[in-house]
Amino acid sequence: MLDRLDPVDRRLLDDFQRDLPLVPRPFAAMGEVLDVDEAEVIQRLEQLHARGMVSRVGATVRPNTAGASTLAAMAVPEGRIEEVAAVVGAERGVNHSYLREDDWNLWFVATAPDVTALEATLARIGQRTRLKVLDLRLVRPFNIDLGFRLSPGARQEMSESRAVDRTALQDTDRPILQALTAGLPLIPCPFRSVAQGLSRKEGDVIARIAALSDAGLLTRIGVIVRHRAIGWSANAMVVWSLPEDRIDTAGPALARHRGVTLCYRRLTVPGIWDYPLYSMIHARSRSEALSILTEAAALPELAGASHRALFSTRCFKQTGALLKAEAA
C-alpha cells in the first residue's frame, strides 16, 4: 500500500504520529508544514481513514495512569475461535484482540476506569466462555510508544526514563482523555467540538491536553496508524524466560534493538505462563521479523534465555482504551 501513497500522504502519516499541534485549528497548522490548505489535510485524513490506514487522530494514554489495563490470553479450541472472539470483542473495555500462533492463541488488551471494573471484565469473559483467562499485568515498561516510520530514519521512542507526574491528572480530565482515545472529529476546530460536548471552554481543553502530555500521561498525540495497512504485516509478540535478576538489564537492551517496537515486563502465571519479558516485533515480512528476532536473541543481555515467538494471524479488534465509566 505504501507504494500507492503520494508524498503528501506519506508525510502526513510519517511526520504527525506524535506532536499534533495543540492549537485551535491543528489541521491548518499541519497544512502549513505540508504546504497544503486545511481542507485538504482533513480530506486526506478522511481518505486515509476510509482506506484503513488511519485508526484515528487522537492520543494514546500511558498504561495504568488514567485507568487500569492488562494483557490477557486464552487457549481457545479451534472450533470455538469465532464464538469466543465475539464474546471478548463485545466487551467495551477490550480495545485490542488478536489471534496468535500458540496454544494460548487469543490475546487481548482489556482496559477500564479502575481495577475493580477491569477484574469484572475478565471475570465476565471467563464465565461466558468457560475458559481460563490469563491476567498478565504490566510490571515495568521499557518502551511503550508504538510508532511506525514510513521513511528511512531512526524511530523516535518514549522510554520509561521519561518522568511521569501522576498527580497532574484531575478528575475532570477523564472525559477529555476518553475523547482523545476515541478520536478527534475531522473538522477545522476539533478541540472546540470536544469542549462543547463537555460544556467546557476550548482553551481549557487544549491546556489540559498539553498539561497531561507534559506530565507524561499521554505517550503521544497525533495520527494513530494501523500498522498492517501501512506495510508492517508481520507482527510477532516474543516472550522471554530469564531469571528475575536479569530482566532489568535485558529489558532496556531489547527495547533499543532494531525492529523492536514495544518492550515491557509483565506478571507471570507460574507453571502455566513463565515468561516475564515481552517484546513486539513489527516487520514487513515474516522473514524480516525472524531476522530481527535472531539478532535480538544474540544480545549479550539475553544470552541463554529461551523465547517463544507468537505471530499474529488475525486482528479481531483495534480501538481506543476505555477510561471513563459508562452509564448503565
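**Rings and crossing helices**

Me: New to this one. Which residues form one aromatic cluster?
Reply: That would be W107, W273 and Y275. Keep in mind that this is a predicted model.

Me: And how many aromatic pairs does the count come to?
Reply: The count comes to 3 aromatic pairs.

Me: Okay, what about charges? What sits over the ring of Y264?
Reply: The charged end of R266 does, 4.5 Å from the centre of that ring.

Me: And which residue lies over the face of F311?
Reply: R286, at 4.0 Å from the ring centre.

Me: Switching to helices. At what angle do helix 6 and helix 8 pack?
Reply: About 80°, with the axes 11 Å apart. Helix 6 covers residues 174–182 and helix 8 covers residues 202–214. Angles from 65 to 115 degrees count as roughly perpendicular, so helix 6 and helix 8 are roughly perpendicular to each other.

Me: Which residues make the contact?
Reply: From helix 6 you get I176, L177 and L180, and from helix 8 V205, R208, I209 and L212. By class, this contact of helix 6 with helix 8 has 6 nonpolar, no polar and 1 charged residues.

Me: What about helix 1 and helix 3, how do their axes cross?
Reply: At roughly 80°, coming within 11 Å. Here helix 1 is residues 7–15 and helix 3 is residues 38–50. Helix 1 and helix 3 are therefore roughly perpendicular to each other.

Me: Which residues meet there?
Reply: V8, D9, L12 and L13 in helix 1 meet V41, R44, L45 and L48 in helix 3. By class, the contact of helix 1 with helix 3 has 6 nonpolar, no polar and 2 charged residues.

Methods. Residues are numbered from 1 along each chain as its sequence is written. This is a predicted model: local features need pLDDT of at least 70, side-chain atom pairs count only at pLDDT 80 or more; totals for chains, interfaces and linings use all residues. Side-chain values use heavy atoms; hydrogens and water are left out. Rings of Phe, Tyr and Trp (its six-membered ring) pair if their centres lie within 6.5 Å; planes under 30 degrees apart count as stacked, over 60 as edge-to-face and the rest as tilted. A charge sits over a ring if NZ of Lys or CZ of Arg is within 6 Å of the ring centre and within 35 degrees of the ring normal. Axes are lines fitted to C-alpha atoms, for helices over the stretch in contact, and angles run from 0 to 180 degrees between N-to-C directions. Helices (H or I, at least four residues) and strands (E, at least two) are DSSP runs, numbered from the N terminus. Angles under 35 degrees count as roughly parallel, over 145 as roughly antiparallel, 65 to 115 as roughly perpendicular and the rest as oblique. Contact means heavy atoms within 4.5 Å. Ala, Val, Leu, Ile, Met, Phe, Trp, Tyr, Cys and Pro count as nonpolar, Asp, Glu, Lys and Arg as charged, and the others, Gly among them, as polar.
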